[in-house]
Amino acid sequence: MAIKLTKDEGGKKQTFNEINITPLTDIFLVLLIIMMVIAPSFQSVDNDIKIPEITQGKGIEDLNATVSVTKNNELFLNGEKISLDNIEEKLTALSNDNEAKEVIVKADKKTKSSTIIDIMHAAQNAGYKKLIVAGEPLNKKEQDELNEKANLQ
């Protein structure tokens, strides 16, 4: 950066010390582009982690009551087909054996909210303290398995 001398109206020399920010802006833009290119690689660090399968013990779904709702609005409690009318008594019977007092609801994305609310009321009346709505709904494979169980009964 050079300091230029300029003359004012009286003929005196004055210093001109303004900073030219164009090169600085260019550097920041280059750094921004570099960071935008590199940033996605930081997110894929944990893609190589393989979670081991558990061969003993109980999973979270085995410890709790799991209510599955298919796209056809069929209800299953821990894989057993039930109706919305008798879900409360089934949950009450199961809550006596269950110390976790949690209900996990897995529902298809086409399930009506009123069905989920009915399940919530039934769980609350059965004495359950916690209701977990699964973030991932039933996939096609799980729905097919539940439908096969329903057809066998």
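# Close-up views of a predicted model

View 1. Helices (H or I, at least four residues) and strands (E, at least two) are DSSP runs, numbered from the N terminus. This is a predicted model, in which local features need pLDDT of at least 70 and side-chain atom pairs count only at pLDDT 80 or more, while totals for chains, interfaces and linings use all residues. Residues are numbered from 1 along each chain as its sequence is written, and side-chain values use heavy atoms, with hydrogens and water left out. Within α4, the residues Thr-115, Ile-116, Ile-119, Ala-122 and Ala-123 are buried, where buried means under 20% relative accessible area, exposed over 50%, and partly exposed in between (1.4 Å probe, protein chains only). They cover an arc of only 120° around the axis, which puts them on the same side of α4; the arc is that of the directions from the helix axis to the C-beta atoms. On the other side of α4, Ser-113, Gln-124 and Asn-125 are exposed. Just after α4, Gly-127 takes a positive phi of about 100°.

View 2. Strand β3 (residues 65-69) runs parallel to β6 and is joined to it by five bridges, with Ala-65 standing opposite Val-103; two strands pair if DSSP finds at least two bridges between them. Strand β7 (residues 130-133) also runs parallel to β6, through four bridges, and here Val-105 stands opposite Val-133. Together β6, helix α4 (residues 113-125) and β7 make a right-handed β-α-β unit, meaning that, with the strands pointing away from the viewer, the path from the first strand over the helix to the second runs clockwise.

**View 3. Salt bridges.** A search of the whole structure finds three salt bridges, each defined as a side-chain nitrogen of Lys or Arg within 4 Å of a carboxyl oxygen of Asp or Glu. Glu-74 pairs with Lys-81, their closest N and O atoms being 3.3 Å apart. Glu-80 pairs with Lys-90 at 3.2 Å between the closest N and O atoms, a link between strand β5 (residues 80-82) and helix α3 (residues 87-97). Lys-130 and Glu-102 meet at 3.9 Å, N to O; because Lys-130 lies in β7 and Glu-102 in β6, this pair ties together parts that are 28 residues apart in sequence. Lys-130 is partly exposed, with a relative accessible area of 45%, whereas Glu-102 is buried at 18%.

**View 4. The largest nonpolar core.** This core has 17 residues, and those with the most contacts inside it are Val-67, Ile-87, Leu-91, Val-103, Ile-119 and Tyr-128; a nonpolar core is a set of buried Ala, Val, Leu, Ile, Met, Phe, Trp, Tyr and Cys residues joined through side-chain atoms within 4.5 Å. At least two residues of this core come from each of β3, β4 (75-77), α3, β6 and α4, and α4 gives the most, with four residues.
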